[in-house]
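Work through the exercises below with the model open beside you. Try each task before you read its solution.

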Amino acid sequence: MDLYFIDYLASNGHSFFHKASAVSKMIFSMSIIIAIIMSNRPSFLAFLLLFLLLLLKVLKQPVLKILAMTFYVAVFAIIFAVSQISGSFLWPLTIILKAITAALSVLIVLTTTNYFDIFAILARFLPKLIADSLFMTYRSFFILLKELKNLIMAVKVKRGLSPRKIFTNLKSLGDILGVLFIHAVDLSSRSSEILAIRGYKGGMAKYRNLRRFSKYDFAPLILSVAALLGVGIFG
């Protein structure tokens, strides 16, 4: 998953969802997920999926690119759905729709909300150590992702990656993962030492204050109510 791309979308959008608070958008996502859990009708789930895609279009987000991010979830859902085939194809289809729709609702929040706002909420409910750990892990993803791209580029330049060289590719991937693991351990050790030197005792990150509710929060909240009413009536 391209975290750079998600961060870019969240920081550079100007839609009413981008201007809404993280709290209202998280309520929206949770309401969608509750509706997904409560419904076992493929037609309702398909409608919910189309609704989220339409919402992305209204928010002027790259619909196809964000939908493609649900590929990872879809793969595991398809594997599980295939194992559940016992005559009717509706239940496997329901499983796949549930997984993709839930993932898309979370992606809508992530691509319209700056990660500082999300961690500001988590810091209110989680212990400081856990909130800081999640924050550091999120930032480390970006660093390691850049490191991974550099390593892949170095391997391509040195020995190349080719679909015909299966064993060579596997050896190269093993080397890349090994080096990346060492860098990850080294990064973790250095971060721990830096925090210890600075007298870290929890609550390291200075998170943003929670945004106040504004007129832009009405849209996510109204959509949340509509999703719950929809599953109550049609789900």
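**Exercise 1. Sort the residues that line the second largest pocket into nonpolar, polar and charged.**

Step 1. Sort. The lining has eight nonpolar, five polar and one charged residues.

Step 2. Know your source. This is a predicted model, where local features need pLDDT of at least 70 and side-chain atom pairs count only at pLDDT 80 or more, while totals for chains, interfaces and linings use all residues. Residues are numbered from 1 along each chain as its sequence is written, and side-chain values use heavy atoms, with hydrogens and water left out.

**Exercise 2. State how much space lies in the second largest pocket, and which residues are closest to its centre.**

Step 1. Define a pocket. On a 1 Å grid over the protein atoms alone, a pocket is an open set of points where a 1.4 Å probe fits, with protein on both sides within 12 Å along at least five of seven lines; lining residues have an atom within 4 Å of a point.

Step 2. Read the volume, the space filled by probe spheres set on the points. About 280 Å³ of space lies in the second largest pocket.

Step 3. Find the centre. The pocket is lined by 14 residues, and D132, S133, M136, S191 and L195 are the closest to its centre.

Step 4. Name the helices (DSSP runs of H or I, at least four residues, numbered from the N terminus). Helix 9 and helix 10 (166–197) each supply at least two lining residues. Helix 9 gives the most, with seven.

**Exercise 3. Describe the largest pocket by its volume and its lining.**

Step 1. The largest pocket holds about 410 Å³ of space.

Step 2. It has 19 lining residues; V106, L110, Y115, I118 and Y138 are the closest to its centre.

Step 3. Two or more lining residues come from each of helix 1 (3–12), helix 3 (22–38), helix 7, helix 8 (115–125) and helix 9 (128–158).

Step 4. By class, the lining has 16 nonpolar, two polar and one charged residues.

**Exercise 4. Decide whether helix 6 and helix 7 run roughly parallel or antiparallel.**

Step 1. Take the axes, which are lines fitted to C-alpha atoms over the stretch in contact, with angles from 0 to 180 degrees between N-to-C directions. Helix 6 (residues 71–83) and helix 7 (residues 90–110) have axes that come within 9 Å and cross at roughly 160 degrees.

Step 2. Apply the cut-offs: under 35 degrees is roughly parallel, and over 145 is roughly antiparallel. Helix 6 and helix 7 are therefore roughly antiparallel.

Step 3. Look at the contact (heavy atoms within 4.5 Å). V73, A74, A77, I78, F80 and A81 of helix 6 meet P92, I95, I96, A99, I100 and A103 of helix 7. The contact has twelve nonpolar, no polar and no charged residues.

Note on methods:
Parallel < 35°, antiparallel > 145°, perpendicular 65-115°, else oblique. Nonpolar A, V, L, I, M, F, W, Y, C, P; charged D, E, K, R; others polar.
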